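Hi,

Here is the structure I promised to pass on to you. Have a look at it first, and my notes on what turned up follow below.

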Amino acid sequence: MSFLFGRARTRTNVSDLPRQAREHVVKLDQGPQGAAKVEELAKVLSQMKQLLQGTHEQEASPEQHYQLVTGMIEEDLLYLLAINLYRLPFDSRKDTQVIFSYVFRFRPPNAPARAEPLALAYVVERRPQVLIELCKGYDHKESAQHAGTVLKELIKSSEAATAVILHDDGDEPGSSARGVGAIDRNRKQSGNGIFWSFFEWIDRGSFEVAADAFTTFRELLTKHKDLIPHYLQTNFDLFFSKYNSILIQSTSYVTKRQSIKLLGEILLDRSNYNVMTAYVDRGEHLKICMNLLRDDRKMVQYEGFHVFKVFVANPHKSVPVQKILLMNREKLLHFLSHFLEDRTDDEQFIDEREFLIKQIRNMPPTPVVPQR
């Protein structure tokens, strides 16, 4: 790759910093010597951060940035820092987070305006394992926040980075393990890739890990409208099986409430129309939603209501959904007439509740095959 060559030397030994960092980071697990290397690595990381940020005395130089970025690529330092992030002391983890953020945003001065940043292009095309290892930062509470911050920035700015995370599937054909260009977006996932680990991190991680992982999970599923609908359609059964059984049924109140709310956002997003129609066609999904309406916690009931209304408002209800609603019609009408009565100031909710009552009351006495 042409961007790895032609680096000019400057008075500072910028190009030596990635090499020094590599020498230190590969020895972190070598007992007493590793402890000494932590301190030496911390000094190098601090120098790298200052070089990228600039100081009051000296502004950051694009030429030095270029040397540092290409040096990190050559030394595979992005990968090494990602897999060792949890081993570093707090200040070094913060410095590493800053370094990642600057490096992943850097474009050479002569690069086209819409070109991917240099290191990001390299990672998504040639070294996707960097992104996978950053995700694995959620395996350790020490690295979760710092890795998560970098991931969220990348997901917001890069559809390619998002695709790499979503389509990671180990050595399976069409996996992102060989780079974004090797992805087969029509192949169903096995469930063993890094994206599917988010369900465990959210449900079983500590509060801090779970909260940060959920925010990243939400960005993955909502940011790129050209990517997500097809992904969810292709992996519909696997995704919603995990989503309903792990997140919607979570014993954590925060996880449960956030997951129901996100489900409503996904279903009501116009770009996910085909996903929404497939989801609300299934009677078992409606049963899950109706149980949410009976939860002891009012905010869970409220978020569940916003999913329930998608089933009822659907003008092309499937026969299984119609059967459930008709079988429970009288109970539902009575239940909804008193549902969350204390939300007297929420006019939109009151109007929607009355609309659903009317829709259920006016359903024909027997199921009708929908015409689409």
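Helix α16 gives four residues to the lining of the largest cavity, the largest share of any element. Please keep in mind that this is a predicted model. Two elements, α13 (236–248) and α16 (283–293), each supply two or more of the lining residues. The space inside comes to about 40 Å³, and a search of the whole structure gave one cavity of 30 Å³ or more.

Next, the salt bridges, of which the structure holds 20.

- Lys 49 pairs with Asp 95, with the closest N and O atoms 3.1 Å apart. Because Lys 49 sits in helix α2 (residues 31–53) and Asp 95 in helix α5 (residues 90–105), the pair ties together parts that are 46 residues apart in sequence. Asp 95 counts as buried, at 10% relative accessibility.
- Arg 218 pairs with Glu 265, and here the closest N and O atoms are 2.6 Å apart. Arg 218 belongs to helix α11 (residues 207–222) and Glu 265 to helix α14 (residues 253–268), so this bridge ties together parts 47 residues apart in sequence. Arg 218 is partly exposed at 31% relative accessibility, and Glu 265 is partly exposed with a relative accessible area of 30%.
- Lys 225 pairs with Asp 269, the closest N and O atoms being 2.4 Å apart. Lys 225 lies in the loop between α11 and α12 (228–234) and Asp 269 in the loop between α14 and α15 (273–280), so parts 44 residues apart in sequence are tied together. Lys 225 counts as partly exposed, at 39% relative accessibility.

There is also a network of salt bridges that links Asp 16, Arg 19 and Glu 23.

Finally, the aromatic rings. The whole structure contains 27 aromatic pairs. Phe 195 takes part in a tilted pair with Phe 198, 6.4 Å centre to centre and with 40° between the planes. Phe 195 also forms an edge-to-face pair with Phe 199, at 6.1 Å and 80°. Phe 195 and Phe 198 are both buried, and Phe 199 is buried too. Elsewhere, Arg 105 lies over the face of Tyr 102, 5.0 Å from the ring centre, while Arg 343 lies over the face of Phe 349, 5.9 Å from the ring centre.

Enjoy exploring!

Best wishes

Methods. Residues are numbered from 1 along each chain as its sequence is written. This is a predicted model: local features need pLDDT of at least 70, side-chain atom pairs count only at pLDDT 80 or more; totals for chains, interfaces and linings use all residues. Side-chain values use heavy atoms; hydrogens and water are left out. On a 1 Å grid over the protein atoms alone, a cavity is a set of points where a 1.4 Å probe fits but cannot get out, and a pocket is an open set with protein on both sides within 12 Å along at least five of seven lines; lining residues have an atom within 4 Å of a point. Grid points are joined across faces, edges and corners, and a volume is the space filled by probe spheres set on the points. Rings of Phe, Tyr and Trp (its six-membered ring) pair if their centres lie within 6.5 Å; planes under 30 degrees apart count as stacked, over 60 as edge-to-face and the rest as tilted. Buried means under 20% relative accessible area, exposed over 50%, partly exposed in between (1.4 Å probe, protein chains only). A charge sits over a ring if NZ of Lys or CZ of Arg is within 6 Å of the ring centre and within 35 degrees of the ring normal. A salt bridge is a side-chain nitrogen of Lys or Arg within 4 Å of a carboxyl oxygen of Asp or Glu.
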